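User: I'd like to learn how to read a few features in this model. Can you walk me through them, general idea first and then the case here?

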Amino acid sequence: MKTFNVPIIYRSPLITAIKQQRRLQDKMKKDFMPTRLDLGDLQIFLARHFGFCYGVENAIEISFRTIDENPDRRIFLLSEMIHNPQVNADLLARGVTFLQDTYGHQLIPFETLRADDIVIIPAFGTTLEIEEKLRNIGIQTEKYNTTCPFVEKVWNRSAQIAKKDYTIIVHGKPGHEETRATFSHAAADTPTVVVKDMKEAQELASYIKQSGPGTLTHHPAPKEDFYTRFKGQYSEGFDITKDLQRIGVVNQTTMLASDTQAIADFLKQTMIDTYGLTTATTEDRFADTRDTLCYATLDNQSAVNGLLDTPADLAIVVGGYNSSNTSHLVELCEEKLPTYFISSEEKIISPTEILHYNFHEKKEHLTKDWLTAQNPPRILISSGASCPDALVEGVIRKLAGYYNADAALETAAAGLTPS
């Protein structure tokens with residue numbers, strides 16, 4: 001796979017050595033068991049896969065190269081490059097200006113842009129409407145478009161099934177930049193609707209049944225209620241009476257793999273039940289889109305599942321608080337043991353206090369006596385696909401300092417073995 005020129009401040013010699021050793025041991029990436037750092041009085045287990053993915057490194061390389069090569073031009077980012085506060089802060093510090101926030105709210109009017117300005121498209125991609133606005137100003141974005149190729153893969157898959165007259169169901173978070181972009185691209189070709197979870201998929205299923213041949217006698221909700229319930233989540237002109245008769249499911253690439261699969265399976269079964277389909281005729285109503293999650297999302301989630309097979313006392317997940325893929329890693333860990341979602345080692349205030357993020361409530365909490373009295377404590381660690389390895393090393397070093405394990409950490413890489 002291609003390697004990228006990422007600023008050294010995001011790199012970690014320790015994590016690089018660990019990842020390199022695991023790659024040599026497991027070239028086919030089939031072993032999802034964690035790496036154990038035996039630090040004597042502290043036991044740390046690192047997920048097999050974590051940290052920067054292909055799309056993130058590509059976006060960072062393009063962004064920093066653009067800054068270096070254009071010292072005399074105004075450079076704008078459409079919105080956050082990735083969902084990591086350190087990377088975005090570094091870009092701002094180097095003179096880049098954000099045009100929008102992560103929700104698409106305008107910070108700088110497009111009307112103030114000039115044709116000679118540079119506008120970088122973030123890794124999430126953007127909508128067709130925004131691309132057109134920039135072109136009308138005279139801004140050429142192709143050279144500075146960092147859209148992740150795995151996001152573009154979803155757009156291409158949507159376009160393929162749209163040509164066969166399927167409606168697109170997008171499993172994603174309606175307000176997320178990537179989902180907004182995918183929705184825009186899909187809706188340009190075919191009717192499109194977004195569902196954020198299984199509950200919304202079940203609600204959508206009730207309308208699918210009503211669009212069927214009329215064999216059901218009980219309808220949970222009038223068809224017109226769809227337009228209220230899914231306001232802002234369906235394409236213009238969406239016709240509930242006919243646009244749910246042939247469907248295909250794609251997703252925001254950072255969603256939980258098991259959730260996407262469950263939603264796709266559920267909606268497929270809904271079509272089978274509603275239309276009396278057989279194995280041979282299922283494709284008449286349900287497009288086989290296969291999973292459109294990116295490789296990094298799948299690898300990181302599989303690695304966390306492997307991590308959780310290890311007996312442990314607590315888990316730490318490092319990443320940006322608005323990072324979708326990171327929150328799903330936290331979600332997996334929370335099902336098994338106490339989990340602390342932090343953005344950097346600075347959130348570890350002391351051995352007795354940690355400031356961590358509750359993504360359900362969308363706010364930080366201060367927890368006391370968070371480190372276990374277990375001797376030695378067993379701590380699981382992972383990070384999101386937009387989190388620099390340097391931050392993970394910072395967390396490890398801070399923990400090691402609490403247990404006088406700094407010297408042990410310096411020599412640990414030489415004896416690493418999968419747990």
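User: Let's begin with helix packing: at what angle do the axes of α1 and helix α12 cross?

Analyst: Axes are lines fitted to C-alpha atoms, for helices over the stretch in contact, with angles from 0 to 180 degrees between N-to-C directions. Here α1 and α12 (residues 389–402) cross at roughly 105 degrees, and their axes come within 8 Å. Angles under 35 degrees count as roughly parallel, over 145 as roughly antiparallel, 65 to 115 as roughly perpendicular and the rest as oblique, so α1 is roughly perpendicular to α12.

Before going on, a word on the ground rules: this is a predicted model, where local features need pLDDT of at least 70, side-chain atom pairs count only at pLDDT 80 or more, and totals for chains, interfaces and linings use all residues. Residues are numbered from 1 along each chain as its sequence is written, and side-chain values use heavy atoms, with hydrogens and water left out.

User: Which residues of α1 and α12 meet?

Analyst: Contact means heavy atoms within 4.5 Å. On the α1 side you have P13, L14, I15 and K19; they meet D389, V392, E393 and I396 of α12. By class, that contact has five nonpolar, no polar and three charged residues. For the classes, Ala, Val, Leu, Ile, Met, Phe, Trp, Tyr, Cys and Pro are nonpolar, Asp, Glu, Lys and Arg are charged, and the others, Gly among them, are polar.

User: And strands: which ones pair with β15?

Analyst: Helices (H or I, at least four residues) and strands (E, at least two) are DSSP runs, numbered from the N terminus. Two strands pair if DSSP finds at least two bridges between them. Strand β2 (residues 43–46) pairs with β15 in the parallel sense over four bridges, with Q43 bridged to R378. Strand β10 (residues 314–318) also runs parallel to β15, joined by five bridges; there V317 has S382 as its partner.

User: Is β15 largely enclosed or open?

Analyst: Buried means under 20% relative accessible area, exposed over 50%, and partly exposed in between (1.4 Å probe, protein chains only). Five of the six residues of β15 (residues 378–383) are buried, so the strand is largely enclosed by the rest of the structure. For contrast, take Q25 in α1 (residues 13–25): Q25 is partly exposed, at 41%.

User: How many disulfides does the structure hold?

Analyst: A disulfide is a pair of cysteine sulfur atoms within 2.5 Å, and the structure holds zero. For C333, the nearest cysteine sulfur is that of C387, 14 Å away. For C387, the nearest is that of C53, at 12 Å. C333 counts as buried at 1% relative accessibility, and C387 does too, at 0%.
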